[in-house]
Each structure stands twice: as structure tokens, then as C-alpha cells.
Amino acid sequence: MNESINRRDWLKTGLMSIGGMALAPHLAQGAFAEKAFKLDSKNRLYYSPLAREYFADESNAPKLVAKLNANENPYGPPNTAKSAIMGATEKGNRYAWREMYSLVDKIATKESLTKDNIMMGPGSSDLLEKVALVRFMNGGKIVSADPTYMSMIRVAESVGAKWEAVPCTSDWAHDLDAMEKAIDSDTKLVYVCNPNNPVGAMTPTKDLAEFCKRVSKKVPVFIDEAYMELADGPEAKSLSYLVKEGYNVIVCRTFSKIMGMAGLRVGYMLATPEFIEEISAITRGGMGISITSIMAATAAFGDESFQNSTKTKNDAAKKYTMEALQSMGYSPIPSYTNFMIFPIEMEGKAFLTKMMDKGVGVRAFHITGQDWCRVSMGTMEEMHTFIDALKSIG
Ligand SMILES: Cc1ncc(COP(=O)(O)O)c(C=O)c1O
């Protein structure tokens, strides 16, 4: 049985997260409705019957030496972005519309779209939530994989949507056939996270494109591509071209990952002008982004050398971590992102506590009856610290 968190516990949990390493950053924001978040009887954050997340008690935790719990980019922000921020402080007395539209133009050119296809937000979370609010304010059904990234789903449920959670396939891809079957006349949006957090796997692009072409004739398909620039191989292909082809597909991107700007908060979505208009009629996407962040994002967007170097270093960290884990007998899911997840024997909460005592912050989940550790890729030094800590806790 799962129970709602009462307001006092809610604040306590939120404050614990704020004060510590934000193990559940979506929880560290007290403005959410209570009913959006539930704990199960073992005090784990309840996602679905299939997926839960453990909390660590951070009250006595030492300072982290390896912060590997939020899929951040350890190399950012790029120097070009830092200089742009310094230059932008002078303009802090003005709204940043002109600068934002200039960034929108750059994105439009790169994507071969127009400005009417683009909505900016202070992080992609903001856009996920705005879409959830607007699409589901009168109820309806949201279909997604399970497990997946929960931002949009939590907000949709808070405002009255029903979540149809479709278990991933045995290789952790989206089960597109089952998702298509789950769509009915109440469904107002399909959420696809590709590559998918927290599993790190990709859904074959060709199958996903066919799915989008069919399904988007009935209902919008929202594809969260937060990690796409970090993915490798033939599957690593954005589906933003479907927007250009006029399908009712929304592609969401963030400056938090490959561009190293998680704390600066910039994201955007690409969609049909009609979809952008629907969301903009009720919310204002770009209004929440500061001039400093817009200028930083503009610099980072053009800084291919920083993006390439992040990718190279992330690949090296993944290779090292995968090999080290395998040599210790673990079986991580092959990752297309900047994190990796693998089954652990230890109970998730004890695991988090022991790792934290070693100064290593990771995340722990309970998925399909098994406990898992999700570790973000840090610098090579941080990955050595992580592997050493893992060896020492036994
Ligand atoms: C799949 C996915 N989408 C969106 C986000 C939100 O990123 P941001 O709000 O920083 O753009 C994250 C963050 O970890 C994520 O994993």
C-alpha cells in the first residue's frame, strides 16, 4: 500500500533533499501538490507498481567527493558560456526578449524549422511540466514507458490525468506495440523518453519513427531527447525531422547535459506551431530564463569543441565504468547517456547510505523486484572514487 506524504513529512523530505545532494530533485520543490508524490510502505518514492526510488538519509552525510546522482556534466559550464554570463550582467535591468529570439533563430536554423516551431524554457523540466498542465488540466490519459523520467507524468497526475504505464521490453526499450494498444479516446499525449532515464537504453529509431508517424495522427507524441547528443551508433538519431515534416510530434532538448549548464536552466521544445500556440496561450516559456542564462546558452550552443570534448570524456568514463563493473561481476544495462544502471545485491537504502559515507552520491531504484544503482558519469577521477567505494562496501 502506498500513502500520500502529509505536509510536514513532505516539507521534511523536501528540506532534506535541498540541504543535501538533491537525491530526488523533483521532490525538493515544495510547490508541488501533496497528492503528486507518494511513498510506499518501505518509505520509497512510489513511481508505479514496477518502479520505486530509495531515499538516503542525508542529515549526517559527509561532503560528497563524487557527486554522481543527477546526470550532470562535470566539465561545464563551457568557458565561452562563463564569459558570456559576465558580459550579460550589465543587461540585467532589461527583459531578455531580443536575446532570446536571437537564440531561437539559431536553433531554428540548425533544425531547419521556424521560430513558430520553438518554445524556450528555464530547463526542459519546465516545458515538460507546462505541457502536462495545459494538456491535462481537464483530465485525460497519458501513456508512457515504465520505468521512465517522471517529471511530466507527476504533474499530469497532479492535475487529474490517469497514467497508463507500459512496462519496457526485456531489453529496456519502449514497448511500442503495447503503448500503441494503450492509446484510447481519452489519451491526450504519449510521452517517450529516448534514451530513457533511468535505464539508459534506446528504443530503435526506425521503429519509433514509424510509431510516431502512425500515432501522432491520433494524439501528440512528446519525445524527451535530453540525452540524445550523448548517444552513439545508428540508433542515435533525433526525430526532430518529424516536426519539420508536419507530424504532431514534440521534441524536447536541454542545455543541462552535453552543454554542461544544469544550474543555468535552459531548454527548448520543437513542435508544430499549433502545439506551441496551445501551450503558449496559457503559459510563457521563455519568461523564466534570465539574460545571463540566455547569453550562456547562446555561447554554449555554438561551442562545438566543448560539446565534442564532453562526448569524448563521457564515452571514456562509460567505457572505464562498464569494464570495471563487469570485472566485479555486475551487469550494467548498455548506456546511451551519461549514466549507467546496474542491479545490486544490497538493499537500496543501505547501499545509498554506505556509498554516501564514502562521499559518493548515487541513486538507488527498485525496479521489477530488483534493487539497482544508477551512477552518473563524472570525471575519470570521480569514477575511480566510485569504483573504489563500491569495492570497499562489499
Ligand atoms: C529525461 C530527462 N528529461 C528532462 C530532464 C530535465 O532536465 P532540465 O530540466 O535540467 O533541462 C532530465 C534531467 O535529468 C532528464 O533526465
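**Notes on the core, the domains and a helix pair**

1. Of the 114 residues in the largest nonpolar core, those touching the most other members are Val190, Phe222, Val249 and Ile250. Such a core is a set of buried Ala, Val, Leu, Ile, Met, Phe, Trp, Tyr and Cys residues joined through C-beta atoms within 7 Å, buried meaning that 20 or more other C-beta atoms, placed from the backbone, lie within 10 Å of a residue's own. Helix 10 gives the most to this core, with seven residues, and at least three residues come from each of domain 1 (2–71 + 309–393) and domain 2 (79–301).

2. This is a predicted model, in which local features need pLDDT of at least 70 and side-chain atom pairs count only at pLDDT 80 or more, while totals for chains, interfaces and linings use all residues. Residues are numbered from 1 along each chain as its sequence is written.

3. The domain bounds come from an automatic or database domain assignment. The centres of domain 1 and domain 2, taken over C-alpha atoms, are separated by 24 Å, and their contact (C-beta atoms, placed from the backbone, within 7 Å) takes 24 residues from domain 1 and 25 residues from domain 2.

4. Among the contact residues are Ala84 of helix 2 and Met295 of helix 10.

Technical notes. Two residues are in contact if their C-beta atoms, placed from the backbone, lie within 7 Å. Helices (H or I, at least four residues) and strands (E, at least two) are DSSP runs, numbered from the N terminus. A residue is buried if 20 or more other C-beta atoms lie within 10 Å of its own, exposed if 12 or fewer, and partly exposed in between; C-beta atoms are placed from the backbone.
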